[in-house]
Amino acid sequence: MLSKKVSEALNKQIELEASSSQFYLAMASWAETQGLNGIAAFLYHHADEERMHMLKLIKFVNERGAHGVVPSLKQPTTIFKSVKSVFDLVLEHEIKVTNEINHLVDICLKEKDYTTHNFLQWYVSEQIEEEALARKIVDKLNLIGNDKGGIYFFDRDLETLASEGGADGGAESNQK
């Protein structure tokens, strides 16, 4: 049985994962309307991945005798300045999620909930991979700068990555 404190913290993380999915979905939709089909495919995949993270948490909370609450969400931003700004936001957001996961792990240790602590190790590892992938993308975009040809090839590369199922940098294959 989960303690009230751990249950509340897990439900807060469920909300963060759900809002992450919506955030990436909004980015994907924007990219698609800009003719950036590869970036859109990558971000649609990422949105689905975040939803799966949420579902995994809900199921865990329910299995542990608490109640995983499906949150209501605020509408995310729908207009973005540039591809670079989108991925800067992705990196910033992934760092935020990492910090929240670390806080959740800390709560579990303080509550001596080692079962939940163990469950959360998958999320800890996932966040290392998510941040690394976002950093690589931002680094590539910094190299490209404002070169439209570079953005074209970057978009094509992300489309190839997404079609190969590698939009997560291999992170999701680790959970199976």
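Quick background before I go on. This is a predicted model, so local features need pLDDT of at least 70 and side-chain atom pairs count only at pLDDT 80 or more, while totals for chains, interfaces and linings use all residues. Residues are numbered from 1 along each chain as its sequence is written, and side-chain values use heavy atoms, with hydrogens and water left out.

Now the terms. A pocket is an open set of points on a 1 Å grid over the protein atoms alone, where a 1.4 Å probe fits, with protein on both sides within 12 Å along at least five of seven lines; lining residues have an atom within 4 Å of a point. Volume is the space filled by probe spheres set on the points, which are joined across faces, edges and corners. Nonpolar covers Ala, Val, Leu, Ile, Met, Phe, Trp, Tyr, Cys and Pro; charged covers Asp, Glu, Lys and Arg; the others, Gly among them, are polar. Helices are DSSP runs (H or I, at least four residues), numbered from the N terminus.

So what about the largest pocket? About 590 Å³ of space lies in there. It's lined by 21 residues, and Glu15, Leu16, Ser19, His93 and Lys96 lie nearest the centre. Helix H1 (4-33) and helix H3 (83-110) are the elements giving two or more residues to that lining. Its residues split into eight nonpolar, seven polar and six charged.

How do H1 and H3 sit together? Their axes (lines fitted to C-alpha atoms over the stretch in contact, with angles from 0 to 180 degrees between N-to-C directions) come within 11 Å and cross at roughly 170 degrees. That makes H1 roughly antiparallel to H3, the word for angles over 145 degrees. Their contact has 17 nonpolar, three polar and six charged residues.

H1 also meets H2: those axes come within 8 Å and cross at roughly 165 degrees. Here the contact residues are 18 nonpolar, eight polar and four charged.

Last, helix length. Helix H2 (residues 37-63) has 27 residues, so at 1.5 Å a residue it should span 39 Å, and its end C-alpha atoms are 39 Å apart, which agrees. That expected span is 1.5 Å times one less than the number of residues. Just after H2, Gly65 takes a positive phi of about 90 degrees.

Technical notes. Angles under 35 degrees count as roughly parallel, over 145 as roughly antiparallel, 65 to 115 as roughly perpendicular and the rest as oblique.
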